[in-house]
Amino acid sequence: MNPTTLAAMPAPAGIAMRSATCPDRRASQASSCRRLPPRGRRVYASVTPTLQPGLENRTAPSWLAEPLKHVVKSQQFNAEALEHIFKVTREMEEVRAGTDAAHQLDGAIMSTLFYEPSTRTRLSFESAMARLGGTILTTESAAEFSSAAKGETLEDTIRTIEAYADVVVLRHFQAGSAEKAARAASIPIINAGDGPGQHPSQALLDVYTIQREIGRLDNFSVGLVGDLANGRTVRSLAYVLSLYSNVKMYFVAPSECRMREDIREYLSSVGVDWEEVDDLAKVASEVDVLYQTRIQKERFQDRRVWMPEDYDKAKGKYIVTTDTLAQMKKDAIVMHPLPRVDEIHPEVDADPRAAYFRQARNGLYVRMALLKLCLDGRTLSH
């Protein structure tokens, strides 16, 4: 992805804070505007000048004293950024109802605008906002039950919602939709998944989970299994893991779902060791992290030529069972972004190496951190 894309966002280059006073277009409402009190260090998502493709996150500038503007793709973040996000995430784990920490976002309003189904992502963002004292406006199945059904553009929807909310969490069926929304918005946009594109908050919680579970982010191996062509989670995760040293990646996928060329080329350009393998058992015995994903039937149906046999052929080829666990290292883990269908047998759940429900729990804390970093110190007009 061209790193100059984000530069088209509102000045300067998509990373500016909203004014400490009310925007001019709301000057008449100045008396109602307020600012969340400062709470610690401010950060922003790096947006870089034109660089050699694939290098924007490695050479991103240090984070400065401004709120996080948007969260739209994994390449925004460098290792310093992730370290700070995870520090705040650990703080979020300690937030308890009835304490001052549970009021950090009092008065802030979040809109969850979801054009595709979701359980964990939507509810974890909504829980995250509620646990920090904020309020939620939610739209589920927006493609059917919002003005999009009448033909309203995404940009117009975003410009309307920003009159009601201070941050928008967006899930959309088209890759690149989050960046399109961010260019139209004067409030933070958080990408909660854009079709087969990216899912940056999932990548952050995945990396946080790996760190918590195996105790390191360097010198380990990971097997990415399943629908690697259409899985936005594995695409985003590959970008983020490339920031760390000596991470070996194995790609295990049916021929219909192999990792796309853009990711493979990117990893090669930054010196990441990766390998495509057909034998799940072999990979399971080698890796420290086995990251399973479901075969996404809905993405097959989105193809211009939909052949049901393609999905049937891919589905069920790679299933994690207790036999798979027997081949794995004793301290390895199994992860999954969920939902699962039948790619991990329920018997696996009882094994302590099954980390996917702990992974989902970590998503709550990472999303609390992202909301805090987006809104802490930012001018609110509601």
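Helices (H or I, at least four residues) and strands (E, at least two) are DSSP runs, numbered from the N terminus. This is a predicted model: local features need pLDDT of at least 70, side-chain atom pairs count only at pLDDT 80 or more, and totals for chains, interfaces and linings use all residues. Residues are numbered from 1 along each chain as its sequence is written, and side-chain values use heavy atoms, with hydrogens and water left out.

View 1. Of its 382 residues, 56% count as buried (under 20% relative accessible area; exposed is over 50%, partly exposed in between; 1.4 Å probe, protein chains only). Contacts are heavy atoms within 4.5 Å. Among those between residues at least 6 apart in sequence, 74% join residues at least 24 apart. The accessible surface (Shrake-Rupley method, 1.4 Å probe) comes to about 15400 Å². Carbon and sulfur atoms own 50% of that surface.

**View 2. Helix H1 spans residues 79-92.** Its 14 residues reach 20 Å from first C-alpha to last, close to the 20 Å expected at 1.5 Å a residue. The expected span is 1.5 Å times one less than the number of residues. Buried positions in H1 include Leu82, Ile85, Phe86 and Val88. His84 and Thr89 are also buried. The buried residues of H1 pack against helix H6 (200-214), helix H7 (232-241) and helix H13 (356-375).

**View 3. An open sheet of 5 strands runs in the order S8-S7-S6-S9-S10.** Its pairing is parallel; two strands pair if DSSP finds at least two bridges between them. Strand S8 (274-276) and strand S10 (333-335) stand at the edges with a single partner strand each, so one side of each is left without a neighbour in the sheet. The twist averages 20 degrees from one strand to the next. Axes are lines fitted to C-alpha atoms, for helices over the stretch in contact, and angles run from 0 to 180 degrees between N-to-C directions.

**View 4. Strand S7 (residues 247-252) meets S8.** The two pair in the parallel sense over 3 bridges. Phe251 stands opposite Glu276 in S8. H6 packs on the sheet, touching strand S6 (220-225), strand S9 (289-292) and S10. The direction of H6 makes about 165 degrees with that of S10. Helix H8 (residues 261-269) also packs on the sheet, touching S7 and S8. The direction of H8 makes about 145 degrees with that of S8.

**View 5. Cys257 and Cys374 are shown here as buried cysteines.** Cys257 counts as buried because its relative accessibility is 0%. Cys374 counts as buried, also at 0%. A search of the whole structure finds 0 disulfides (pairs of cysteine sulfur atoms within 2.5 Å).
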